[in-house]
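Look through the side chains of the structure below and consider which of them pair up. The paragraphs that follow go through charged pairs and then aromatic rings.

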Amino acid sequence: MRFEKLSNCYEKLSQTTKRLEKVEILAKFFENISTEDSDILYLIQGDIYPAYDERKIGISNQIAIKAISKAVGTDSKKVTALWKKIGDIGEVAKKLTNEKKQTTLASHLLTTKKVIDNLRKLPELIGKGTVEKKIALITELLTSSNPTESLYLIRILIGDLRIGVQESTIKYAILKAFFKNNKEYEEDLQRAIDRSNDLKEVFEFAKRGKIEDLEKIQLQVGKPIKAMLAQKAENIEDAFKHLGTPLAIEYKYDGFRLLIHKKGNIVTLFTRSLENVTKQFPEVINYIKEFVKGESFILDSEAVGYDKETKRYTDFQAISQRIRRKYNIKQISEKLPVEVNVFDVLYYNGKNELETPFKKRAELIRKIVTPHPYKLIYSKMKITSNEKEVKEFYKKALKDNQEGIMFKNLEAPYKPGRRVGNMLKLKPEENELDLVITGGEWGTGKRSGWISSFILSCKEGDKFLEIGKVGTGIKEKSKEGVGFNELNAKLKPLIIKEDKNGIKIKPKIVVTVHYQDIQRSPNYESGWALRFPRITTLREDRGTHDIANLEEIEKEFINQRAKNYKYG
Ligand code: AMP
């Protein structure tokens, strides 16, 4: 397909905010994509592989500027100056391409295949001359682009497509394009997406127009699927109200989520944001092989840190450095050991268990796991209908230094990636939200050259809405907590715009923020502001998928009012 067609589709999508219109535009577009061109499903999501794939385009603004300058034959200083003026590097490419196209009439035949081919070469490049090669690959695409194409090419490159398309938009467009919008098929389609976690694969099967064909998409061990998410319970009573009786209660371990895949002798570990962390946890690989029976399986678990001497459980922050550690793995695994707490099974010896009721899945875990405390166990669980019993269990969890408890519906299936309310969490009252950093300001004096205050955003659909600014909670040097150094190193390459109003940062870095209270506010686009926010944890294990949305924030606000009323 001509890339021009795709970029016109991007353009149409970005011109409406209405989801139904986006679905309509996409559905029409999907009808024209042949199976050979189905990689376009990745480009629609601003990517070149499925989201869980670690090969990312990862182009800095500097490389993009150099490529634009080469393609249009303008000095890169001029491109940078224009970027500072316009603020959007994609728009800069569009403007300069437009000006150039008025003087030269280059042959124009860019295809989506060519775009994908060149972009896929980018993450493969390593070693000497990488930057030049990257620039050459991008320049080649830009020289045969029209202005709109160059705008979207640059946006894909810097990871900021801004067309407002979410996975669900694509799901509804597939339903419309290939299943006559038959809502009865929506759940089947959703389940296929859950098992596949790859919209290109689902698209190819769906294109045949037979809903039964989607059953051929199976879970694959070694290919990550999304983790099921929890909702908040207001209190014990509330949990019973939502989940019925009896229900299961478990410890809520304060570590990080680990999805464990094993096939034969090969174990693969993924975080909640589907990052492959197998290399970082060699001891866990051994535990899996030794203490879990089965030829192939996918387990869901929480890895929690503990102090080697006292055996006391630590919080997530204490072990977070293990997730991204690339060197001295053995030493750090001895210094900061983890215990794996298995709490779910999604696949076992060739059978998909996603639809199996939780009660049966929990029984299966207890059959296949041989518990070894401080190495690998199954999570502490109780089936109960008694509120008093829950209270005792909750107290004990907190005494054991865990975060709280989870409530689980015994009959519920496993729903990947969704907060459907089958699983609720209860923690002691703390005003806390996971948010993403979307901007900041340069510091002055001692902090000059650093991004010293950070704009926090929540989300609404695929939009990020600002909710506050924070400059505290971050340590200047300290090894404990979140450091300026660390945060700056992560944020600087993500800067997408910079002007007198501050810095705009690509939403990627998720942090846990504590605050005193939430107020309605006209100053932030979310309509809310946090009072006295403080960054407490850098959540390396989480992605933007996990951050709070407007509905949750409103709920927090209502609860806060109820509390003030009760105690005030
Ligand atoms: P939150 O991070 O507050 O949204 O709570 C949900 C998280 O709790 C999950 O993503 C898991 O990482 C973690 N968790 C700890 N213990 C359990 C458990 N027994 N069952 C499910 N999730 C758990």
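Lys469 and Glu441 form a salt bridge, with their closest N and O atoms 3.2 Å apart. A salt bridge here is a side-chain nitrogen of Lys or Arg within 4 Å of a carboxyl oxygen of Asp or Glu. Because Lys469 lies in strand S14 (residues 463-470) and Glu441 in strand S12 (residues 432-442), the pair ties together parts that are 28 residues apart in sequence. Helices (H or I, at least four residues) and strands (E, at least two) are DSSP runs, numbered from the N terminus. Lys469 is partly exposed at 38% relative accessibility, and Glu441 is partly exposed at 31%. Buried means under 20% relative accessible area, exposed over 50%, and partly exposed in between (1.4 Å probe, protein chains only).

This is a predicted model, in which local features need pLDDT of at least 70 and side-chain atom pairs count only at pLDDT 80 or more, while totals for chains, interfaces and linings use all residues. Residues are numbered from 1 along each chain as its sequence is written, and side-chain values use heavy atoms, with hydrogens and water left out.

The count of salt bridges comes to 44. One of them joins Asp546 and Arg272, at 2.8 Å from N to O. This pair links distant parts of the chain, 274 residues apart: Asp546 is in the loop between strand S22 (534-538) and helix H21 (550-567), and Arg272 is in the loop between strand S4 (266-270) and helix H14 (282-291). Are these two residues buried or exposed? Asp546 is buried, with a relative accessible area of 6%, and Arg272 is buried as well, at 16%.

Another salt bridge, between Glu334 and Lys330, has an N to O distance of 2.9 Å. Both residues lie in helix H17 (residues 329-335), 4 residues apart, which is about one turn of the helix. Glu334 is partly exposed at 40%, whereas Lys330 is exposed at 55%.

Aromatic rings come next. The structure holds 15 aromatic pairs. Rings of Phe, Tyr and Trp (its six-membered ring) pair if their centres lie within 6.5 Å; planes under 30 degrees apart count as stacked, over 60 as edge-to-face and the rest as tilted. The pair of Phe256 and Phe281 is tilted, because its ring centres are 5.4 Å apart and its planes are at 40°. Phe256 lies in strand S3 (residues 256-263) and Phe281 in the loop between S4 and H14, so this pair ties together parts 25 residues apart in sequence. Both Phe256 and Phe281 are buried.
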